[in-house]
Amino acid sequence: MASLDAVVKQVVSKYGNDRTRLMDIITDVQTELGCVSDEAVAQIAKILDLSKVDVEGVITFYHFFTKTPRGKYTVYLNNSAVANMKGRAAIAKAFEDAVGCSFGRTTSDGLIGLYDTSCIGMNDQEPAAIINGVVFTNLTQEKVKEIVTGMKAGKDVKDLVKEYGDGANQSDLIRAMVKNNIMRKGPVLFAPYEQGSAIKAALSKKPEDVIEEIKIANLRGRGGAGFPTGMKWEFCRKAEGAKHYVICNADEGEPGTFKDRVILTELPHMLFEGMAIAGYAVGAQEGIIYLRAEYLYLKKYLEKVLEDLRAKNILGKNIAGKGFDFDIRIQMGAGAYVCGEESALIESAEGKRGEPRNRPPFPVQKGYLGYPTTVNNVETLCCAVRIMLEGGEWFAKMGTAQSKGTKLLSVSGDCQNPGIYEVEFGTTVNTLLEMVGGRTAKAVQVGGPSGTCISKKDFGRRICFDDLATGGSIIIIGPDRDLFEIVHNFMDFFVEESCGWCVPCRAGNVILKQKLEKIMSGKASTKDVQELEDWCKIVKATSRCGLGQTSPNPIYTTIQNFREMYEAKVKKDTDYVSTFDLLAAVEESCKAAGRIPKVEEH
Amino acid sequence: MSTINFTIDGKACKAKPGQTIVEAAKDNGIYIPTLCHFEGLKPAGTCRICTVKVGGRNMAACTTPVTEGMVVENKTADLEDYRKAIIEMLFVEGNHMCPTCEKSGNCELQALGYRYMMMAPRFPFLFPRRTLDASLPKIVIERNRCVQCLRCVRGITTADGKRIFGVVNRGGHVEITVDKDLAASMTDEMAQKAMDLCPVGAILKKEVGFAIPIGKRKFDSKPIGSEIEKA
């Protein structure tokens, strides 16, 4: 085995001793050495002429980077709310029993590590885990035993995959057991199209006219925020800079969303063509797709698609003979929900901690490496392809007043047919529940944890930016579920994923979660519920980015829509209930002193 | 350069181009409370105590540039309560024992607590387990008191521009740490600068203490912000 110094030197030079490629450098060093130790940190810092804290800060920010070994085989078991619904607890126990260590640890022989991880984009086939980058879905206790036996026998993780999913999941470069679960195809994403036809159509127009067409379509960002895409491209185009960038945000981290996984598997050529169209519109020659670490299993395949597109002259130099150059590189993430926020994503792509930036300046003014950058969602870029082919007016005929076209929804939870559905904007929750076989739902989480939890009275509402906005995550919650457990799981998620930069999000979410626990334990009064609601407002109002501005939503929207659930938990005849248990606190000392505690009513 | 006209709570104010709301407010004799902000350092917007309302939206006054015609709400009941809440969050998030702290009286967090008349925080104490690093030659890092304002990270660099302080981990686990080799080369002046930058008692210069007695310290006789406010 090569020495640490040699490995680090080789990896860093592979990336041109470029500090902005620190994410890739750390990834590769970790792949070679199993972890990035203090020694490796010092060596990386030395070669890049950085402070050691700069390197350590990046490593400790991302879930999949580690300074200490996590096993020859590292199991990351999804701990999303839907994973819990689908029996995660039994699977976790099966892993612990078979491996012989608990979650959060690595076996003493260093062979297998067991770790939790936030939603991995497989909610339609939970319980699921990622082992050394390979995805295992629909886990059963038997499957777990087989997998652990295989690991103990030293097998390659890839060889432990016994069956393959549908479509491109079977291709040689993916070979994943992941299923697409495409349940409903719509006219924007899933209608047939001829590769290269959309970029040709775009190149036959002036860039300004491409933007105009997107504006006529009234296309809005599909990641959840819904910013008008045409306006974003126009701002970016008009911003001064020696060059411009297009970044595709393929970091879908909202628990319950997995639509981009399916687009990346089945429609990557469409996505990349969409990036080229965006590049032409804003005046960029370079594109980056920021791919979440959970989708590492798609990387080789996506690289091959990029090669094919270059061979077909849909990417590369002088595209379609029209004098336009554009190419794309893949930037891997490393496990951080907050990197779905566009400025945090840019920071991460620059090899830094994924902390959102202060604005202004906006990314369209000063983005990647300080150049004007448009960051667009995977689905948005695919929509742009269809708009080039069918026209903005065609697109704008679908949907509602403020939300045109279709939306790809990732549906999971308590329904008969989890999977992805392309529906017209404005579809009601009721219609969707009919479609997916989820009529018995008592609640629907629209837009993931950061969205809204609605009750039956709101099932007539429409899914669109004008009413219930969503980046695509729809979690259906059946009549027998304990909604408190789900809310608590969501708060755990936000506490884990807060970047820690600003006070209200960093401290506030911990405080909210503890207050929720007080109520769940039955030791709360009506006043506690009122305080909890007030504190949610404080965190929402003062947090710096979208994460903290929406992280109280699981609590806030359930207090609004399921107030009776909270009221049923609290003691009504008192203003204050202490969580301090005097009897329990003195039990040990009383035992030691040989006394029986007498606690009078007070 | 032209002057920018804007208002704070209805009062007509003037700003220079490029000034942030906090800077311009100060020039107009209006105090907007800050904690992570430090004149001369790039604004970070970590503490959110300077949250103001502009056009119906909350934003950090320390990172937002003033624009022509801007209407800023500053001293509303809601905003003042948010600020107090954030100060309280900071008190429960760390372990702050003012009477034993060398920074008492010079501490901006303590001073804000007084200014906002914080009695007991509305939030329960989180009692985190945090560490103290006394292994460095010139300074002590007392993380129990740290508010993660990043002033030290932003303000203390070596002669060739390397950062001595940095942040590790994320969420509630973030903490300030140093590159020990670079920190070992800190001069007395740098150590003093680091201590002066720190708004609380998280960075202390070794071997000197209580040079200015309690009672004669910065905030002992006047509340924080009174140097800015015009009568």
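This is a predicted model: local features need pLDDT of at least 70, side-chain atom pairs count only at pLDDT 80 or more; totals for chains, interfaces and linings use all residues.
Local features need pLDDT of at least 70, and side-chain atom pairs count only at pLDDT 80 or more, whereas totals for chains, interfaces and linings use all residues; side-chain values use heavy atoms, without hydrogens and water. Residues are numbered from 1 along each chain as its sequence is written, and chains are lettered from A and ligands numbered from 1 in the order in which they are written.

Chain B contains 6 helices and 10 strands. Helices (H or I, at least four residues) and strands (E, at least two) are DSSP runs, numbered from the N terminus. The radius of gyration of chain B is 18 Å, close to the 17 Å of the globule rule for 231 residues, so chain B is as compact as a globular protein of that length. This radius is taken over C-alpha atoms, and the rule is 2.2 Å times the number of residues to the power 0.38. The C-alpha trace of chain B spans about 50 × 45 × 35 Å along its principal axes.

Of the 231 residues of chain B, 55% are buried. Buried means under 20% relative accessible area, exposed over 50%, and partly exposed in between (1.4 Å probe, protein chains only). Among contacts in chain B with a separation of 6 or more, 64% join residues 24 or more positions apart. A contact means heavy atoms within 4.5 Å. Chain B carries 33 positive and 26 negative side chains, and the centres of the two sets lie 1 Å apart. Lys and Arg count as positive, Asp and Glu as negative; His and the chain ends are not counted. Each charge is placed at NZ of Lys, CZ of Arg, CG of Asp or CD of Glu.

The contact between the chains draws 40 residues from chain A and 41 residues from chain B. Chains A and B bury about 3,200 Å² between them, and carbon and sulfur atoms give 59% of this area. Buried area is the accessible area (1.4 Å probe) that two parts lose on being put together, summed over both. On the chain A side, A:Val53, A:Arg506 and A:Ile538 lose the most area to chain B, together 19% of what that side buries.

B:Glu93 lies in helix H2 (residues 77–93) of chain B. B:Glu93 is buried at 7% relative accessible area. Beyond its neighbours within four places in sequence, B:Glu93 contacts A:Arg506 and A:Ala507 in chain A. Its partners in chain B are B:Leu126, B:Pro128, B:Arg130 and B:Gln148.

B:Phe127 sits in the loop between helix H3 (108–115) and strand S6 (132–133) of chain B. B:Phe127 is not a glycine, yet has a positive phi of about 40°. B:Phe127 is exposed, at 62% relative accessibility. B:Phe210, in the segment after strand S10 (203–205) of chain B, also has a positive phi, near 50°. B:Phe210 is partly exposed, at 45%.

In chain A, A:Thr427 occupies the loop between strand S13 (419–424) and helix H17 (429–436). A:Thr427 is buried at 14% relative accessibility. A:Lys322, in the loop between strands S9 (316–319) and S10 (324–332) of chain A, is partly exposed at 47%.

Two cis peptide bonds are described here in chain A. One runs from A:Glu126 to A:Pro127, with omega near -5°. Another joins A:Pro360 and A:Pro361, with omega about 0°.
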